[in-house]
Number of protein chains: 2
Amino acid sequence: MSILVVGSLALDSVETPFGKVDNVLGGSAVYFSVAASFFTKVHLVGVIGKDFPETHLQFLEQRGIDLQGLKQEEGKTFRWCGKYGYDLNEAHTLTTELNVFERFDPTIPLTYRNLKYIFLANIDPELQLRVLKQVNRPQVVALDTMDFWIENKLTQLKETLKLVDILIINEAEARELTQEYNLVKAARLILEQGPKTLIIKQGTYGALMFTNSSIFSAPAYPLEVTLDPTGAGDSFAGGFMGHLARSGKLNDEVIRQAIIFGSVMASFCVEQFSIERFQSLTYQEIINRFNEFLNLTCFPTV
Amino acid sequence: MSILVVGSLALDSVETPFGKVDNVLGGSAVYFSVAASFFTKVHLVGVIGKDFPETHLQFLEQRGIDLQGLKQEEGKTFRWCGKYGYDLNEAHTLTTELNVFERFDPTIPLTYRNLKYIFLANIDPELQLRVLKQVNRPQVVALDTMDFWIENKLTQLKETLKLVDILIINEAEARELTQEYNLVKAARLILEQGPKTLIIKQGTYGALMFTNSSIFSAPAYPLEVTLDPTGAGDSFAGGFMGHLARSGKLNDEVIRQAIIFGSVMASFCVEQFSIERFQSLTYQEIINRFNEFLNLTCFPTV
């Protein structure tokens with residue numbers, strides 16, 4: 001099965017204790033698509049400005065990503081400028097220029113309307129809802145969001161959540177959304193609002209998955225070199241949805257595997273700046289790291 | 001095999017968002033002993049003042065803990081007063097009164113000197129070293145420490161570490177000890193200083209284990225109710241050493257199981273204030289929770 005993703009394409013400027021890059025390829029839909037493209041076909045809906053480098057488009061096409069739904073408009077591409085300290089779990093946004101992304105109103109091409117796997121990357125929940133109104137009975141809808149929408153569009157976000165199967169957010173967002181500090185209680189509250197599966201990302205600590213009948217804890221891969229955490233969450237979502245869509249199933253076992261594949265893709269993402277690591281990555285490396293997660297977590301019964 | 005533990009016995013006053021207790025049973029050697037006592041025999045070396053309630057001694061004896069090495073001296077028992085916010089990973093010390101603990105100079109009873117499993121709870125590294133000089137070729141020495149000793153007695157701590165098999169510290173301590181933020185690199189540096197196994201506790205996120213040939217990641221048990229995190233680290237060490245000593249083995253598989261038992265005991269510890277949860281705990285509950293850790297972490301191969 002292939003995946004429809006709706007989200008941002010950006011030119012990022014990022015500084016970490018390990019280096020600095022300017023105007024590199026970024027954006028939630030980019031990281032998601034590139035990560036998912038190692039597993040299945042991805043169809044991308046988004047918007048770029050006239051300044052978006054042709055080489056980036058070529059790279060996305062080389063990865064087999066379908067750009068039929070990508071609009072190029074007058075103006076500049078969305079730009080994000082951020083900084084990280086040694087605690088790579090916390091991004092400090094320096095500037096955000098929405099540019100063409102400010103007027104983004106996703107139109108889903110007719111040929112995409114029967115796609116069964118949909119990832120709504122972090123955009124205005126009203127737009128996420130508008131996307132869902134354009135598609136025909138998808139099988140799996142996953143959604144990401146952020147503190148800004150929880151604080152400013154809570155009603156619309158909650159409306160959208162009713163139509164979502166899998167919510168993928170970080171722990172601060174889970175707490176803010178529910179006004180509950182304890183993650184197990186927060187998860188229970190979220191599972192009452194629509195999503196049947198909740199994934200709580202915990203940065204360098206891994207991820208937790210909650211359903212009404214199961215809890216799964218996945219570690220992050222212990223890396224000796226982490227240059228830039230930008231895009232880790234979207235790469236996680238890409239690996240996760242990529243495995244789900246490729247398998248065509250949606251049971252506890254496949255979801256657990258998908259979370260590990262998500263963690264694998266996030267771990268590769270942060271090894272270099274921007275999407276650089278994905279340019280040389282092979283599927284065999286992905287499988288090898290998946291197997292390392294088995295070694296990392298296994299212990300004998302008593 | 002039985003265990004020798006050297007550390008503090010205290011009367012704690014603790015406030016968390018979920019309640020407040022005054023002068024309750026605490027101290028590293030207490031939490032350790034009580035947790036380990038579910039697995040094997042524990043011999044405790046420590047000091048208390050004349051104000052130490054008889055009921056606490058009775059409780060420790062009921063748990064089968066040997067108090068032959070416990071000294072009662074003129075003066076007051078060590079007191080710690082602390083507070084936690086919603087982030088239970090961070091303790092705020094309000095006051096510390098060392099009292100009789102200030103002159104603590106552990107003498108290991110002759111009958112303990114051939115004990116093969118030793119846990120040196122968080123005390124002055126000079127005293128930890130003095131303990132090791134009194135015992136005969138132990139099989140497994142595990143040690144805990146804290147930022148205060150890293151900052152004030154680094155030379156003595158490093159001297160002691162050379163004789164230690166297993167170092168159990170939290171992630172901030174691992175970073176401070178090595179001046180290295182990345183935990184994988186920090187672990188490598190620590191493994192060059194003596195310990196063959198390093199366990200890095202990560203509070204509500206679980207624990208990481210490093211040896212020269214293996215990395216293991218254990219989650220924390222996802223609890224809906226956490227009243228008081230005091231003693232979680234020592235309860236972890238108690239479950240960990242308890243399982244090691246009971247099994248009598250020291251290989252990668254047993255160490256991994258021991259880390260899960262440590263996590264199990266830490267999770268029970270924080271469910272109530274002080275050592276309260278251990279008063280009603282059964283071995284069957286421990287095994288049940290161990291098995292829940294299997295469900296929490298398992299995923300199918302691909």
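Two residues are in contact if their C-beta atoms, placed from the backbone, lie within 7 Å. The model is predicted: local features require pLDDT of at least 70 and side-chain atom pairs pLDDT 80 or more, while totals for chains, interfaces and linings use all residues. Residues are numbered from 1 along each chain as its sequence is written, and chains are lettered from A and ligands numbered from 1 in the order in which they are written.

View 1. B:Gln202 sits in the loop between strand E11 (197–201) and strand E12 (207–210) of chain B; helices (H or I, at least four residues) and strands (E, at least two) are DSSP runs, numbered from the N terminus. A residue is buried if 20 or more other C-beta atoms lie within 10 Å of its own, exposed if 12 or fewer, and partly exposed in between, with C-beta atoms placed from the backbone. B:Gln202 has 21 C-beta neighbours inside 10 Å and therefore counts as buried. B:Ile169 is 33 residues away along the chain, and its C-alpha atom is separated from that of B:Gln202 by 9.0 Å.

**View 2. The contact between chain A and chain B.** Each side is listed by chain: 29 residues from chain A and 29 residues from chain B. On chain A, the elements giving two or more residues are helix H7 (183–191), strand E13 (215–218), helix H9 (252–269) and helix H11 (283–297). H11(A) supplies the largest share, five residues. The chain A side divides into 19 nonpolar, six polar and four charged residues (Ala, Val, Leu, Ile, Met, Phe, Trp, Tyr, Cys and Pro count as nonpolar, Asp, Glu, Lys and Arg as charged, and the others, Gly among them, as polar).

**View 3. The relation between the two copies.** The same surface serves both copies, as 100% of the contact residues of chain A recur in chain B.

**View 4. The open sheet of chain A.** Nine strands follow the order E5-E4-E1-E8-E9-E10-E11-E12-E13, with mixed pairing; two strands pair if DSSP finds at least two bridges between them. Strand E5 (66–72) and E13 of chain A stand at the edges with a single partner strand each, so one side of each has no neighbour in the sheet. From one strand to the next, the twist averages 15° (axes are lines fitted to C-alpha atoms, for helices over the stretch in contact, and angles run from 0 to 180 degrees between N-to-C directions). Strand E1 (residues 3–6) and strand E8 (residues 117–120) of chain A run parallel and are joined by four bridges. Within this pair, A:Ile3 has A:Tyr117 as its bridge partner in E8(A).

**View 5. Helices H6 and H9 on the sheet of chain A.** Helix H6 (residues 171–178) of chain A packs on the sheet, touching strand E10 (166–170) and strand E11 (197–201), and its direction makes about 110° with that of E10(A). H9(A) also packs on the sheet, where it touches E11, strand E12 (207–210) and E13 of chain A; the direction of H9(A) makes about 25° with that of E13(A).

**View 6. Helix H1 of chain A.** Nine of the nine residues of helix H1 (residues 28–36) are buried, so the helix is largely enclosed by the rest of the structure. Among them are A:Tyr31 and A:Phe32.

Terms used. Least-squares fit on C-alpha atoms with pLDDT ≥ 70 in both.
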